[in-house]
Amino acid sequence: MIIKLYKTSSDPADVDKNLTFELTLEATLKGECSITHPQLLLKKGYNGFFVGYNYMYIPDLKRYYYIDNMSFVPGEYVVFDTSVDVLMSFKSQIRSINALIDRQEYIYNPYIADNFIKVAQGMVIKAVDCGLVGDVNYTTYITTIGG
């Protein structure tokens, strides 16, 4: 199968990764493996051991992968242990999602109940005239947060 190797310094939490130094080459799956953690067998590269390459794309699987580890096999081969990058692999689907965001670091919706957001602080005591009850005029003192 064809794979494309890249170098990236992007944060794993970034949906779009900055990919550089593309290198296209042939690889073989190393036995049975999962689609999320394939192991690939490659012939040693032109620079010996693919130094600095830490990311790849497999067009047949339509997924991007992190290169977690490189093992050297006797002879002319290298084994890549990989794990799928879900964010980059499914970025178009992720970006097309419409969602109501319940919590964000700096912006919040005051109409959504959220016990983790302080909407006011401090204590104010207010006098509220409750009116006549029978022949007596009552005033009630209410403690409120935030005034």
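Predicted model: local features only at pLDDT ≥ 70, side-chain atom pairs only at ≥ 80, totals over all residues.
**Stop 1: around Lys17.** Lys17 sits in the loop that links strand E1 (2-7) to strand E2 (20-26). Now show what surrounds it. Beyond its neighbours within four places in sequence, Lys17 is in contact with Thr8, Ser10, Asp11, Pro12, Tyr55, Tyr66, Asp85, Leu87 and Met88. Which backbone oxygen does the side chain of Lys17 reach? Draw a distance to Pro12, and you will find its backbone oxygen at 3.5 Å. Then pick the C-alpha atoms of Lys17 and Met88: they are 7.1 Å apart in space, although 71 residues separate the two in sequence.

**Stop 2: Ser89.** Next, move to helix H1 (residues 86-89) and select Ser89. Is this serine buried or exposed? It is buried, at a relative accessible area of 13%. Leaving out neighbours within four places in sequence, the contacts of Ser89 are Lys62, Arg63, Tyr64 and Val84.

**Stop 3: the nonpolar cores.** Select Ile3, Leu5, Leu40, Leu42, Phe50, Met56 and Phe80 together; within the largest nonpolar core, which has 16 residues, these touch the most other members. Colour the contributing elements next: E1, E2, strand E4 (39-43), strand E5 (55-58), strand E6 (63-73) and strand E7 (77-84) each give two or more residues to this core. The biggest share comes from E7, with three residues.

Setting aside neighbours within four places in sequence, its contacts include Met1, Ile3, Ala27, Leu29, Met56, Ile58, Val78 and Phe80.

**Stop 4: zoom out.** Finally, switch to a cartoon of the whole protein. How many helices and strands are there? There are two helices and nine strands, and along the sequence they run β-β-β-β-β-β-β-α-α-β-β. Of the 147 residues, 22% are buried. Among contacts with a separation of 6 or more, 44% join residues 24 or more positions apart.

Technical notes
Residues numbered from 1 in each chain as written. Heavy atoms only, no water. Helix = DSSP H or I, 4+ residues; strand = E, 2+ residues; numbered from the N terminus. Buried < 20%, exposed > 50% of the residue type's maximum accessible area, 1.4 Å probe, protein only. Contact = heavy atoms within 4.5 Å. Polar contact = N/O pair within 3.5 Å; in protein donor to acceptor, adjacent residues only side chain to side chain. Core = buried A, V, L, I, M, F, W, Y, C linked by side-chain atoms within 4.5 Å.
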